[in-house]
Amino acid sequence: MLAVCFALLLAQSLVSADDTSYNYFDFVRQWSPNSCYKSSRPCKALPAEINYWTIHGLWPSKDATHYPADCAGSSCHFNTTTIPDLLDEMHLRWPTDYSGGDTKFWSHEYCKHGTCCTDILPDIHHYFSAALKLNRQLDVDKALQSAGILPSLDKPYTFEQLNSAMKESFGVSQATYWCRYIKASNGESKQLVFQISVCITKDPNSLQPRDCPVAKGHSCDYHHSFYLLPFSVLENEIFES
């Protein structure tokens, strides 16, 4: 998982501490097999019924490489008692394969990112409710399935196919992807897309998909194919309890 963290750091960097401005949201979903398989850090096993793209976060972003973070500082206190009506859906759609459990993950996401968009999403409930609504509206699993991009051990896909799926389903010409690489049994390197961001307008009345800005540097090689591994690859992985 350290490789995953480094890829994220390469994709974006913090703005200065006193700059809390942002221009849009990154709505990031993740594919656990591609982030956990042969990872340097063992993942936490997800429940068996979770075999789909899950939410990572809703991140206010300034541009392709900068974003505000931890805007409430040490005064941020996350409590699930404010979102009892959302918890069932969150455990299913926003679980974590990191150690520490779902609640710790949600606290991290809200304190790091949610506190920086209170002009649009003023509290914990608004923040998580908005992300869950976007997840229902922007169904990544359905988008990829409609484009014929299905989990497979040995079938490669092109970024042209992935871009076409984003355009066809969400109306965007530019999404953001995160990749990592593994060594296949034949010694060749396989590129895995483990996260997809559909960018979202900064609109208090209606959050809608929009094109993401083009990143100057990214973790994916768009000239080479990628793989979407099936959840079955995790069956023999060693997970944290």
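Which residue lies over the face of Y227? It turns out to be K190, at 4.4 Å from the ring centre. A charge is taken to sit over a ring when NZ of Lys or CZ of Arg is within 6 Å of the ring centre and within 35 degrees of the ring normal.

A word on the ground rules. The model is predicted, with local features needing pLDDT of at least 70 and side-chain atom pairs counting only at pLDDT 80 or more, while totals for chains, interfaces and linings use all residues. Residues are numbered from 1 along each chain as its sequence is written, and side-chain values use heavy atoms, with hydrogens and water left out.

Now the overall layout. The chain has 7 helices and 7 strands, taken as DSSP runs numbered from the N terminus (helices H or I, at least four residues; strands E, at least two). Read from the N terminus, the order is α-β-β-α-β-β-α-α-α-α-α-β-β-β. Of the 241 residues, 48% count as buried, where buried means under 20% relative accessible area, exposed over 50% and partly exposed in between (1.4 Å probe, protein chains only). Looking at contacts (heavy atoms within 4.5 Å), residues 24 or more positions apart supply 79% of those with a separation of 6 or more.

Aromatic rings come next. A pair of aromatic rings is described by the distance of the centres and the angle of the planes. Rings of Phe, Tyr and Trp (its six-membered ring) pair if their centres lie within 6.5 Å; planes under 30 degrees apart are called stacked, over 60 edge-to-face, and the rest tilted. The structure holds 16 such pairs. W94 and Y127 make a tilted one, because their ring centres are 6.3 Å apart and their planes stand at 45°. W94 lies in the loop between helix 3 (87-93) and helix 4 (102-112) and Y127 in helix 5 (residues 124-137), so the pair ties together parts that are 33 residues apart in sequence. Both W94 and Y127 are buried. Y177 and Y222 form an edge-to-face pair, 6.3 Å centre to centre with 85° between the planes. That pair also links distant parts of the chain: Y177 is in strand 5 (residues 176-183) and Y222 in the segment after strand 7 (209-210), 45 residues apart. Y177 counts as buried because its relative accessibility is 3%, whereas Y222, at a relative accessible area of 29%, is partly exposed. W94 and Y127 turn up again in an aromatic cluster, together with F78, Y110 and F128.

Y110 leads on to helix 4, where the buried residues are D102, F105, W106, E109, Y110 and C111. Their cover includes strand 3 (54-61), helix 3 and helix 5.

The loops have a few items of their own. In the loop between helix 2 (32-36) and strand 3 sits E49, which is exposed at a relative accessible area of 52%. E49 and L92 are 43 residues apart in sequence, yet 8.5 Å apart in space, C-alpha to C-alpha. K38 is partly exposed, with a relative accessible area of 43%. Phi of D70, another residue other than glycine, is positive as well, near 50°. D70 is placed in the loop between strand 4 (66-67) and helix 3, and is partly exposed at 45% relative accessibility.

L150 belongs to the loop between helix 6 (140-146) and helix 7 (159-170) and is partly exposed, at 40%. Neighbours within four places in sequence aside, L150 is in contact with Q145, Y157 and L228. L150 and L229 are 79 residues apart in sequence and 8.6 Å apart in space, again C-alpha to C-alpha.Finally, the second largest pocket holds about 240 Å³ of space. On a 1 Å grid over the protein atoms alone, a pocket is an open set of points where a 1.4 Å probe fits, with protein on both sides within 12 Å along at least five of seven lines, and lining residues have an atom within 4 Å of a point. Of the 14 lining residues, A130, K133, N205, S206 and L207 are the closest to the centre.

Key: Points joined across faces, edges and corners; volume = space filled by probe spheres on them.
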